[in-house]
Amino acid sequence: MLKHFSMLMKHRLAWPVITLLLLLAVNAAFNDGFLHIEWRGGHLYGSLIDILNRAAPLMLVSLGMTLVIATRGIDISVGAVVAIAAALAAWMIGGALVVVDGVATHVTRFPMPLALIAAVAVAALCGLWNGMLVARVGMQPIIATLILMVAGRGIAQLITNGQIITIYYGPYFFLGSGYLLGLPFSLFIVAAVFVALYLAITRSALGLFIQSVGINPEASRVAGVKARAIIVGVYAFCGACAGVAGLLISSNVKSADGNNAGQLIELDAILAVTLGGTLLTGGKFSLVGSMIGALIIQTLTYAIYSLGVPPEINLVVKAVVVFAVMLMQSAEFRDSIRALVQKPARGEVRA
Amino acid sequence: MTPILELSGIDKQFAGVNALRDVQLRLFPGEIHALMGQNGAGKSTLIKVLTGVLESSRGDMRLAGEAIRPRSPLDAQKLGISTVYQEVNLCPNLSVAENVFAGRYPRCGALQGFRIDWAEVHRRARELLARIGLEIDVTQLLGSCSVAVQQLVAIARALGVESKVLILDEPTSSLDDDEVQKLFAVLRRLRGEGMAILFITHFLNQVYAVSDRITVLRNGQWVGEWPAAELGPQALISAMLGREFAATAGAAAPMAAADAHTPALLQTTGLGQTGHLHPIDLNVRAGEVLGLAGLLGAGRTELARLLFGLEAPDSGTLSIDGKNVRLANPADAVEHGLALCPEERKTDGIVGELSVRENIALALQARQGVRRFMSHAEQTALAEKFVKSLGIKCTNVEMPIGLLSGGNQQKAMIARWLATDPRLLILDEPTRGIDVAAKQEIMDEILRLAQAGMAVLFISSEMSEVVRVSNRIAVLRDRRKVGELPGGSSEAAVYELIAAEHEHA
């Protein structure tokens with residue numbers, strides 16, 4: 001029994017899961033109805049459902065970020081790409097309010113499916129640009145993606161003409177706030193992307209190639225792996241993920257704000273990937289870990305709001321908790337704590 | 001005479017496994033002592049214990065009669081035990097002088113020497129380097145020096161401390177013959193000054209060129225200590241292997257030269273790359289081993305990289321089966337049935353954190369593409385087949401390849417390429433830094449492959465190996481081909497060809 005437990009603790013996802021459970025426990029302890037889920041208005045309703053729904057965009061971005069980080073890269077432009085995709089989708093759907101026979105009907109400038117496809121395609125193109133800069137031009141990933149991080153917000157504002165576009169088209173809202181089978185529709189999108197990616201990683205050689213490129217790019221190239229194509233592809237996928245996240249976010253808030261949509265999501269995504277046990281040095285990665293990491297961040301955010309932490313210090317509180325979580329996940333730190341605890345104990349035995 | 005350093009009864013255990021058992025070692029002032037043993041014999045572990053990187057589980061260490069117990073390399077260095085590691089661990093982005101004195105710069109000025117005395121740094125660096133016969137601009141960046149010079153700078157750094165014992169872990173593995181001679185001259189000079197030098201190498205001829213005494217380890221145990229003059233090469237190898245060892249020369253003789261009428265599998269005409277390789281004509285036929293001989297820097301690796309699409313030629317043509325091809329990247333080369341085991345195993349070969357299974361499957365999987373995925377079971381079967389046929393020593397194929405010894409990593413690299421069933425296998429220094437037995441096994445394997453109809457391009461710095469396995473030998477010097485010799489030529493003949501050109505030039 002004890003042996004099973006210690007083996008379980010050695011699993012790479014053990015600490016992320018423990019962290020998530022701890023955060024949930026803290027929430028539940030201070031907030032009576034936290035774990036309560038009920039059927040209301042034709043769908044499930046409760047704090048946990050809310051956390052899942054709000055975490056959806058971050059989970060998507062984290063999936064893309066996981067692959068990028070696995071190849072030793074980083075993509076800090078995802079927030080800007082979220083804004084571009086949101087702006088494009090909002091513009092193509094349009095904010096027009098048309099009155100027909102005295103009834104306000106909402107029409108789109110372009111058909112909605114076209115708007116969705118265009119937004120995700122442009123986001124993927126943004127990722128492709130990043131990938132080209134990294135793999136072909138040979139720029140350092142953080143610099144290469146910094147370009148789009150800065151320029152992307154400008155592009156988003158060009159699309160929206162510097163305005164915040166408000167969306168009135170009802171069907172679009174389903175993406176970010178609709179429900180299917182009683183669960184938020186956004187979760188189905190995340191699940192679909194996750195399953196597709198998971199299958200691609202485990203049922204094709206993609207996982208092997210990504211890891212091998214991340215651990216030793218030169219050796220992989222010599223072995224005949226098309227390292228550049230892998231890297232470009234991974235950035236493009238990350239861009240597409242950010243694009244879908246942009247759709248969810250703009251649908252959820254019923255508007256597209258070129259300046260603020262997806263602000264700082266790149267940092268949350270990098271944090272989620274790290275919390276999930278994928279090293280920034282590349283190589284081995286865990287998609288499930290990144291999902292858990294995203295949930296940790298969203299649960300933490302929820303806790304900060306629900307515990308009534310004053311807004312002016314909530315970023316500080318978040319930083320402190322993240323710092324503690326990171327320390328807890330470090331094997332070296334745990335070892336040194338163990339040594340501190342065990343030394344006096346040994347002394348007592350001698351006495 | 002009493003030893004300056006004496007180790008006795010050293011034990012070291014890793015997770016219950018004995019890495020060292022009752023090992024002893026004596027170093028006398030003014031001698032060069034060779035520490036010999038196969039990969040995994042415990043040489044590195046012993047050095048690590050000696051320099052304080054690892055703590056011994058049991059045993060006694062005495063320096064000039066006093067018991068010592070170094071807890072870190074810095075500790076050992078303060079005691080007077082300096083080490084130069086196989087991989088040069090200096091900073092290429094600092095100047096030569098900065099590297100020599102990093103961490104212990106001479107100070108001057110107020111506040112107990114707040115400022116670094118650069119004039120003094122440069123003057124003393126020049127002095128130290130002059131002591132080992134190196135006169136270079138000490139302000140140039142270390143990275144702009146050759147590996148050999150970097151190695152000497154590492155020694156100068158070690159000497160900067162008042163050291164009594166100098167440990168050199170495979171200092172010659174990346175040096176060419178001239179540079180090795182220069183290094184040996186330095187070692188002899190230091191010996192003359194009364195220093196005790198412990199020298200680790202895989203090259204037998206070097207052991208006899210400089211060593212006074214030899215200690216042999218095998219499987220973590222002490223086998224014996226002999227004066228070098230009393231232990232012949234045969235006896236030394238027997239001591240290392242623990243069994244009688246038949247003379248290897250001729251044991252793995254190449255088969256009869258391939259039929260000269262067989263059309264060339266691969267042919268180059270005037271293939272070259274400005275600044276790296278002068279235009280070269282070369283052809284390789286199926287079923288033959290073409291040896292590529294030459295000193296370090298002669299252009300052997302450059303040629304291999306051109307042939308494999310790692311570099312783009314700017315002159316000449318490359319044809320395979322009589323058809324001209326352009327190889328834009330290694331994937332193209334693999335497509336044409338080429339394979340390359342690169343010289344730098346660590347940086348260009350293994351993917352360290354991945355398992356033996358994944359490393360062996362990598363090239364074949366890359367050739368098949370992303371979608372034709374080999375299942376875990378298929379990969380395991382493939383890896384286990386080669387682990388067995390090449391005798392790769394690992395607990396199981398899921399072990400990270402980085403944990404294997406150098407020789408076994410090399411075999412796994414060969415396995416990776418054999419899995420793709422190549423028509424031409426290019427082996428760039430496949431025997432470097434691995435033990436005698438593994439070298440022999442790899443050369444036997446090369447001959448087996450050629451017999452089975454594969455073409456092999458064999459590159460090695462060890463002339464005896466080239467001469468032993470090749471059907472033909474192409475000789476390179478100063479980045480150009482200077483001639484070709486038939487199989488069975490003597491080492492002397494190859495050297496003559498290289499030297500003749502020297503006189504010409």
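How many helices and strands does the secondary structure of chain B come to? Select chain B to begin: its secondary structure comes to 18 helices and 22 strands. Helices here are DSSP runs of H or I with at least four residues, strands are runs of E with at least two, and both are numbered from the N terminus.

This is a predicted model, in which local features need pLDDT of at least 70 and side-chain atom pairs count only at pLDDT 80 or more, while totals for chains, interfaces and linings use all residues. Residues are numbered from 1 along each chain as its sequence is written, and chains are lettered from A and ligands numbered from 1 in the order in which they are written.

**The two chains**

Keep chain B selected. Its C-alpha trace spans about 70 × 50 × 50 Å along the principal axes. A compact globule of 505 residues would have a radius of gyration near 23 Å, and the 24 Å of chain B agrees with this. The radius of gyration is taken over C-alpha atoms, and the globule rule is 2.2 Å times the number of residues to the power 0.38. Of the 505 residues of chain B, 48% count as buried. A residue is buried if 20 or more other C-beta atoms, placed from the backbone, lie within 10 Å of its own, exposed if 12 or fewer do, and partly exposed in between.

Next, select chain A, which has 15 helices and eight strands. Its radius of gyration is 22 Å, close to the 20 Å that the globule rule gives for 351 residues, so chain A is as compact as a globular protein of that length. Its C-alpha atoms fill a box of roughly 95 × 60 × 40 Å, taken along the principal axes. Buried residues make up 46% of the 351 residues in chain A.

**Where the chains meet**

Show both chains together. The contact takes 21 residues from chain A and 24 residues from chain B; two residues are in contact if their C-beta atoms, placed from the backbone, lie within 7 Å. On the side of chain A that touches chain B, α9 (206-215) and α10 (217-222) of chain A each supply at least two residues. Helix α9(A) gives the most to that side, with six residues. By class, the side of chain A that touches chain B has nine nonpolar, seven polar and five charged residues. In this classification, Ala, Val, Leu, Ile, Met, Phe, Trp, Tyr, Cys and Pro count as nonpolar, Asp, Glu, Lys and Arg as charged, and the others, Gly among them, as polar.

Now select α9(A) alone. Ten of its ten residues are buried, including Phe209(A) and Ile215(A). What covers them includes α3 (47-70), α8 (185-203), α10 and α11 of chain A, together with α13 (356-368) of chain B.

**The nonpolar cores**

Select Val82(A), Ile84(A), Ala85(A), Ala123(A), Ile426(B) and Phe458(B): these have the most contacts inside the largest nonpolar core, which has 185 residues. Helix α11 (residues 227-253) of chain A provides the largest share of this core, 17 residues. A nonpolar core is a set of buried Ala, Val, Leu, Ile, Met, Phe, Trp, Tyr and Cys residues joined through C-beta atoms within 7 Å.

Centre the view on Phe458(B). Among the residues that it touches, not counting those up to four places away in sequence, are Val289(B), Leu427(B), Ile446(B) and Val469(B).

**A sheet in chain B**

Move to the four strands that form an open sheet in the order β14-β13-β16-β17 (chain B), with antiparallel pairing; two strands pair if DSSP finds at least two bridges between them. Strands β14 (277-285) and β17 (323-325) of chain B stand at the edges, each with a single partner strand, so one side of each is left without a neighbour in the sheet. The twist averages 25° from one strand to the next.

Six bridges join strand β13 (residues 264-273) of chain B to β14(B). One pair to select is Ala264(B) and its bridge partner in β14(B), Arg285(B). Helix α10 (residues 300-307) of chain B lies across β13, β14 and β16 (315-320) of chain B, running at about 65° to β14(B). Axes are lines fitted to C-alpha atoms, for helices over the stretch in contact, and angles run from 0 to 180 degrees between N-to-C directions.

**Two loop residues**

Finish with Asp321(B), in the loop between β16 and β17 of chain B. Asp321(B) has a positive phi of about 55° although it is not a glycine. With 13 C-beta neighbours inside 10 Å, Asp321(B) counts as partly exposed. Then select Asp421(B), in the loop between α15 (406-418) and β19 (424-428) of chain B. Its phi is near 55°, a positive value in a residue other than glycine. Asp421(B) is exposed, with 11 other C-beta atoms within 10 Å.
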